[in-house]
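Good morning. Please look at the structure on the screen, and I will go through a few of its contacts.

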Amino acid sequence: MINDTIAAPITPLVVSPVISIRISGSDALKVFSLMEKGGSSVDIANIKPNYVSLYKFNIKDEDLYDDVLAVYFKAPHSFTGEDVVEISFHGNPVLVNAALSGIYKLGIRNAEGGEFSKRAFLNGKIDLTQAESIQELISAKSIDGVHSAYNQLHGSLKNNLDFIKDKLLKMKAIMEAKIDFPDEDTLDSESEVLKENSLEVIKNIDNLLESYKSYRMHNKGIDIVIAGKPNVGKSSLLNALLKEERAIVSDIAGTTRDFIKENLYIGGIPVHITDTAGIHSSSEYVEKIGIDKSIEKINNSDIVFLILDISKPITSEDKYLLDITSKSNRIIIGNKIDIGSADNFSEADIYISAKNNENMDKFVELIKSRVSISNNHIKTSATAITQRHYTLLLEVKEIIEKISSSIYIYPIDMLCIDLERAINLISEITGDNYTEKVLDIVFSSFCIGK
């Protein structure tokens with residue numbers, strides 16, 4: 001049970017127009033003992049919840065005053081579910097730190113990172129997925145990331161997980177009935193129902209697992225590698241996308257020996273783009289190291305921009321690159337259309353002149369179509385947005401797949417034990433079942449005031 005009262009700034013403690021402090025707990029109203037209204041002390045008994053009023057905040061030790069706006073949220077109708085007071089000061093950190101010192105002398109302590117959200121969870125105001133969405137909503141780096149976090153804050157993931165859990169509980173009821181009444185000859189029909197429910201659960205989990213990949217791509221950024229043999233225009237393409245001379249462009253093959261990595265937005269999605277060393281046969285030690293690293297980058301990228309020089313016939317090096325990227329998510333670019341012909345390679349996804357910016361607008365639109373996957377899903381559906389969600393859902397899926405394939409093989413009581421484990425994992429995601437270790441993992445990344 002939570003007995004103490006906490007306080008912390010809920011806006012950055014930097015020079016700004018306004019800095020706000022939140023106080024939460026059974027003694028939150030004590031903070032009004034530091035305020036005056038109309039030249040008189042504040043009568044705590046007459047403070048109306050949900051009304052914003054102007055007060056004079058008295059920092060007695062420093063002989064400082066500030067005109068503040070304060071509002072009282074009465075439990076349980078607050079973010080944390082406790083009595084909460086929020087005060088907005090003029091945005092001077094010196095002033096606010098002095099005010100906090102006065103607040104702490106009332107027996108109110110400094111809040112730990114994420115403690116307001118943790119109390120909201122412990123008091124049943126939000127589930128664990130909603131608590132996590134607060135952090136993700138704050139840190140989202142794209143519009144789609146904001147959509148996902150906002151939907152989760154309003155229960156989209158919890159609703160989906162509740163649906164999955166309900167299916168699992170129905171499966172458990174069937175299994176337990178079979179254990180309790182083993183003589184009932186209904187195994188075939190029961191097995192069919194179990195299989196149907198298993199497939200439906202797996203389908204829902206697969207959607208959530210895929211949503212996680214899309215979310216991370218949209219929110220954390222897409223890793224793109226520009227690949228090709230030397231002097232095909234990789235650096236020119238990077239410069240064209242950045243609209244600045246970032247990489248050295250030269251007719252001398254092998255100018256780029258190390259990586260040049262830049263960040264930009266394409267279609268509203270953060271992109272991390274890397275220009276690599278040209279891939280070709282080389283005995284020169286330093287250049288060979290760069291080529292080996294380029295191949296490693298290609299294998300670990302989300303998308304490969306494979307550039308071919310169509311001003312010349314396709315070479316064995318081009319064919320090698322086409323082969324090693326055949327299983328990658330790639331865009332094949334026929335470059336130097338200003339001096340070459342598509343007849344030299346008719347299978348490119350697009351033909352451009354990076355040097356002259358020819359067809360670059362079409363190329364950007366092509367990139368957008370590749371990176372904007374699952375856009376509608378992200379805006380409208382439940383999304384798994386943390387590695388914790390992904391890992392636990394993957395484990396649940398493996399359990400249900402095992403149950404589905406083992407209904408006629410293993411005793412029903414053994415399968416029931418596995419099913420119970422899957423149900424507990426779903427409950428761990430939402431926080432219906434939790435340990436202090438789980439809470440520490442979830443809230444450790446939160447900053448003070450959240």
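Helix 5 passes helix 13 in a left-handed crossing, meaning that the near helix is turned anticlockwise from the far one by less than a right angle; clockwise would be right-handed. Helices here are DSSP runs of H or I with at least four residues, strands are runs of E with at least two, and both are numbered from the N terminus. This is a predicted model, where local features need pLDDT of at least 70 and side-chain atom pairs count only at pLDDT 80 or more, while totals for chains, interfaces and linings use all residues. Residues are numbered from 1 along each chain as its sequence is written, and side-chain values use heavy atoms, without hydrogens and water.

Now the rings. Six aromatic pairs are counted, with ring centres of Phe, Tyr or Trp (its six-membered ring) within 6.5 Å. Phe57 is in strand 5 (residues 53–59) and Phe89 in strand 7 (residues 84–90), so the pair ties together parts 32 residues apart in sequence. Both Phe57 and Phe89 are buried, that is, under 20% relative accessible area with a 1.4 Å probe, protein chains only.

Technical notes. Phe/Tyr/Trp six-rings, centres within 6.5 Å; stacked < 30°, edge-to-face > 60°. Buried < 20%, exposed > 50% of the residue type's maximum accessible area, 1.4 Å probe, protein only.
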